[in-house]
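I opened my notebook to go through this structure one stop at a time. Each entry says what I looked up and what I found.

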Amino acid sequence: MTTHAERRAGTRRALVDATTALLDEGCQPSIEQVAARAAVSRATAYRHFPGIDDLLWQAFIERTITSVADTFAGCGNDVALRVERCEQVINGFLLHDPVGTRAFERSTLQRWLEHGPATAERPARRLTYIDEALIPLDNLDPERVARLRNSLAVIMGTQATIALTDVCGLGPDEAQQVTSWIAQTLVRETLEPWELVHPDSKHSAPLRTQQ
């Protein structure tokens, strides 16, 4: 049986796909046109996106962010490298599109304030990348992997990048040095106890440090 969350995710996916299709046809779509193409009502579209600008930004991300397959190409089972690539792709994209990043945060907060928490679900894009990065840890304690996954989700995304640039006053490169360092520290804290017991494990990999 399909859950409510899965249905919401499917509707959101259909709206973004419809926006992308209309753009590919040379159209500058309205929210009404997108809703019609996605076969949902205008009201449903507005429950997911407050306006066409948010939809256009989501479609822009789909077109420009490095794919999961390309992100991890050539990484093998090197978890440190996989997490490093993951952080570079996600935070690098956000830090170099400050307007889009803030527009996304604004739209999410607007949905929460106007329609409640259930309507402000965030797309799980970062978790798709993080889960792929952590695949080599299949034999590690699931609780440790889950803690690493959740911790990485905190430092990869709009919340972290905005805090570092707006609150700490860092530039994009400085901010990414911080998030990269945190990511590698989290990986190290997760892997070191395992590697002491399993020195020949496939998870063993040199951890990268900031120069």
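**Entry 1: a loop residue**

I began with Ala39, which sits in the loop between H2 and helix H3 (42–48). I kept in mind that this is a predicted model. Is Ala39 buried or exposed? Ala39 is exposed, because its relative accessible area is 71%, and the cut-off for exposed is over 50%. I then looked up its backbone. Phi of Ala39 is near 65°. That is a positive value, and the residue is not a glycine.

**Entry 2: the whole chain**

Next I stepped back. How many helices and strands does the protein chain have? I found eleven helices and zero strands. Read from the N terminus, the order of elements is α-α-α-α-α-α-α-α-α-α-α.

I looked up burial for the chain too. It has 211 residues, and 43% of them count as buried. The chain exposes about 11,100 Å². Carbon and sulfur atoms supply 56% of that area.

Then I checked how far along the sequence the contacts reach. I took contacts between residues at least 6 apart in sequence. Of these, 69% join residues at least 24 apart.

**Entry 3: H1 against H2**

I turned to helix H1 (residues 4–24) and helix H2 (residues 31–38). Their axes are 8 Å apart, and the packing angle is about 110°. How are H1 and H2 oriented to each other? They are roughly perpendicular, because the angle falls in the range 65 to 115 degrees. The crossing of H1 past H2 is right-handed. I listed who makes the contact. From H1 come Ala14, Leu15, Ala18, Thr19, Ala21 and Leu22. From H2 come Gln33, Val34, Ala35, Arg37 and Ala38.

**Entry 4: H1 against H4**

H1 also meets helix H4 (residues 52–64). Here the axes come within 9 Å and cross at roughly 80°. H1 is therefore roughly perpendicular to H4. On the H1 side, the contact includes Arg12, Arg13, Leu15 and Val16. On the H4 side, it includes Leu55, Leu56, Gln58 and Ala59.

Leu55 counts as buried because its relative accessibility is 0%, and buried means under 20%. Which residues does Leu55 touch, leaving out those up to four places away in sequence? They are Leu15, Val16, Thr19, Ile31, Val34 and Phe49. I also checked Leu55 against Thr20. They are 35 residues apart along the chain, and their C-alpha atoms are separated by 9.1 Å.

I moved on to Asn91 in helix H6 (residues 79–95). Asn91 counts as buried because its relative accessibility is 0%. What does the side chain of Asn91 make a polar contact with? The partner is the side chain of Thr179, at 3.3 Å. I noted its neighbours as well, not counting residues up to four places away in sequence. Asn91 touches Ile155, Met156, Gly157, Thr161, Gln176 and Thr179.

Thr101 was my next stop, in helix H7 (residues 98–115). At 1% relative accessibility, Thr101 is therefore counted as buried. I listed its contacts, again not counting residues up to four places away in sequence. Thr101 touches Trp57, Leu94, Thr158, Thr161 and Ile162. Thr161 is in this list, and Thr161 is also in the list for Asn91.

My last pair was helix H8 (residues 125–133) and H9. Their axes come within 10 Å and cross at roughly 135°. H8 and H9 are therefore oblique to each other. The crossing of H8 and H9 is right-handed. The H8 residues in the contact are Arg126, Leu127, Ile130 and Asp131. The H9 residues are Arg149, Leu152 and Ala153.

I finished with Arg144, which lies in helix H9 (residues 142–155). Where does the side chain of Arg144 reach? It reaches the backbone oxygen of Glu189, at 2.9 Å. I looked up Thr190 too. Arg144 and Thr190 are 46 residues apart in sequence. In space, C-alpha to C-alpha, Arg144 and Thr190 are 6.6 Å apart.

Methods: Residues numbered from 1 in each chain as written. Predicted model: local features only at pLDDT ≥ 70, side-chain atom pairs only at ≥ 80, totals over all residues. Heavy atoms only, no water. Helix = DSSP H or I, 4+ residues; strand = E, 2+ residues; numbered from the N terminus. Buried < 20%, exposed > 50% of the residue type's maximum accessible area, 1.4 Å probe, protein only. Polar contact = N/O pair within 3.5 Å; in protein donor to acceptor, adjacent residues only side chain to side chain. Contact = heavy atoms within 4.5 Å. Areas by Shrake-Rupley, 256 points an atom, 1.4 Å probe, with all protein chains shown as cover. Axes fitted to C-alpha atoms, helices over the stretch in contact; angles between N-to-C directions. Parallel < 35°, antiparallel > 145°, perpendicular 65-115°, else oblique. Left-handed = near helix turned anticlockwise from the far one by under 90°.
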